[in-house]
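Dear colleague,

I am passing on the structure we spoke about, and I would be grateful if you could look through it alongside the notes below.

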Amino acid sequence: MAAPEIVPYDPAWPSVASGWIRRIREAFVQAGIPVAGFQHIGSTAVPGLAAKSYLDLQLLVPAIPDEAAVGTALGPLQIERARGSRPDSPGVDVDTPRPGSDPRHHEKLLYFRELDQAGPVQGIILHIRRADSPFADFVVAFRDWLRADPAARAEYERLKRSLAEENADADDYDDYTRAKTAFMDRAQTAMGWPRASAPSGGTAPSLEA
C-alpha cells in the first residue's frame with residue numbers, strides 16, 4: 001500500500017461502505033460463519049473529516065474463525081488476506097492494547113481489496129475482530145467521539161494532513177499510523193474510555209446495514 005494521501009470527505013463513502021457490508025455479511029452467512037456485528041469505522045465514517053479514501057470496515061465475530069474458511073467466503077469478492085508491508089506492521093494479526101484496556105482478546109484477521117481508483121473509494125480494509133475485543137470497542141467510541149466533537153475532528157484532520165506530508169515519500173503508511181498514537185492516547189482520556197458499561201473494554205455494538 002502506498003504512502004497516505006488525504007482527500008476531502010466524500011458523501012458517497014457511507015453508501016459505498018453499506019454496500020460492501022451487505023456483500024461481506026451475505027458471504028459470511030452463506031459460508032456459515034457466525035457474525036456478531038458490523039460497523040463502518042475509521043475516518044471515512046466521520047462526516048466532514050478528510051481521510052484516505054480507503055473504507056475501514058469492522059466485522060465482529062464470537063471467536064476468530066478459521067482463516068481458510070474466511071478465505072473461501074471472501075474469495076468471490078476478491079478480498080484477500082493482508083500481511084502488512086513490514087514484519088512489524090501494526091494491526092495485522094493482533095491489535096496493540098490501548099492503555100488501561102484488558103490485554104486479552106486482541107487477536108484479529110486483516111483483509112484488503114484495491115478498487116477502481118476512478119471511483120470515490122480506492123480500497124476497502126476489513127478488520128475481523130472478536131466481539132469482546134477492547135480495540136473493537138475503542139474504534140467505535142473514537143469514531144462516535146469525532147462525529148460529536150467538531151474541535152477534535154478539526155485537530156485530528158490537521159494532524160493527519162501534517163503526517164501525510166511528512167510521509168509523502170514513504171513506501172507504506174506504517175510510520176503514519178504509528179505517529180497518530182499520541183493523539184489516540186489523548187483522545188482516549190477525553191472520551192472517558194474504557195466505558196463504565198464495558199469494564200473489560202469490549203462490547204458487541206449492534207449490526208449496521
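This is a predicted model: local features need pLDDT of at least 70, side-chain atom pairs count only at pLDDT 80 or more; totals for chains, interfaces and linings use all residues.

Residues are numbered from 1 along each chain as its sequence is written, and side-chain values use heavy atoms, with hydrogens and water left out.

The sheet

Five strands form an open sheet with mixed pairing, in the order 1-2-5-4-3; helices (H or I, at least four residues) and strands (E, at least two) are DSSP runs numbered from the N terminus, and two strands pair if DSSP finds at least two bridges between them. The edges are strand 1 (37-41) and strand 3 (80-81), each of which pairs on one side only. Strand 1 runs antiparallel to strand 2 and is joined to it by five bridges, with Ile41 standing opposite Asp56 of strand 2.

Although strand 1 is an edge strand, five of its five residues are buried, so it is largely enclosed by the rest of the structure; buried means under 20% relative accessible area, exposed over 50% and partly exposed in between, with a 1.4 Å probe and protein chains only. Gly37, Gln39 and Ile41 point one way from this strand, whereas Phe38 and His40 point the other way.

Helix 1 (residues 13-31) lies across strand 1, strand 2 (54-61), strand 4 and strand 5 (123-130), and runs at about 35° to strand 2. For this and the other angles, axes are lines fitted to C-alpha atoms, for helices over the stretch in contact, and angles run from 0 to 180 degrees between N-to-C directions.

Side chains around His127

His127 lies in strand 5 and is buried, with a relative accessible area of 11%. Its side chain makes polar contacts with the side chain of Asp56 at 2.7 Å and with that of Lys108 at 2.8 Å; a polar contact is a pair of N or O atoms within 3.5 Å, where within protein one must be able to donate a hydrogen and the other to accept it, and residues adjacent in sequence count only if both atoms are side-chain atoms. Lys108, which is found in strand 4, is buried as well, with a relative accessible area of 4%.

Helix packing

Helix 3 (residues 134-148) and helix 6 (residues 181-191) pack at an angle of about 80°, with their axes 11 Å apart. That makes helix 3 roughly perpendicular to helix 6, given that angles under 35 degrees count as roughly parallel, over 145 as roughly antiparallel, 65 to 115 as roughly perpendicular and the rest as oblique.

The axes of helix 4 (residues 150-166) and helix 6 come within 11 Å and cross at roughly 170°, which makes helix 4 roughly antiparallel to helix 6. Here Ala152, Glu155, Tyr156 and Leu159 in helix 4 meet Phe183, Met184 and Arg186 in helix 6.

With best wishes

Technical notes: Contact means heavy atoms within 4.5 Å.
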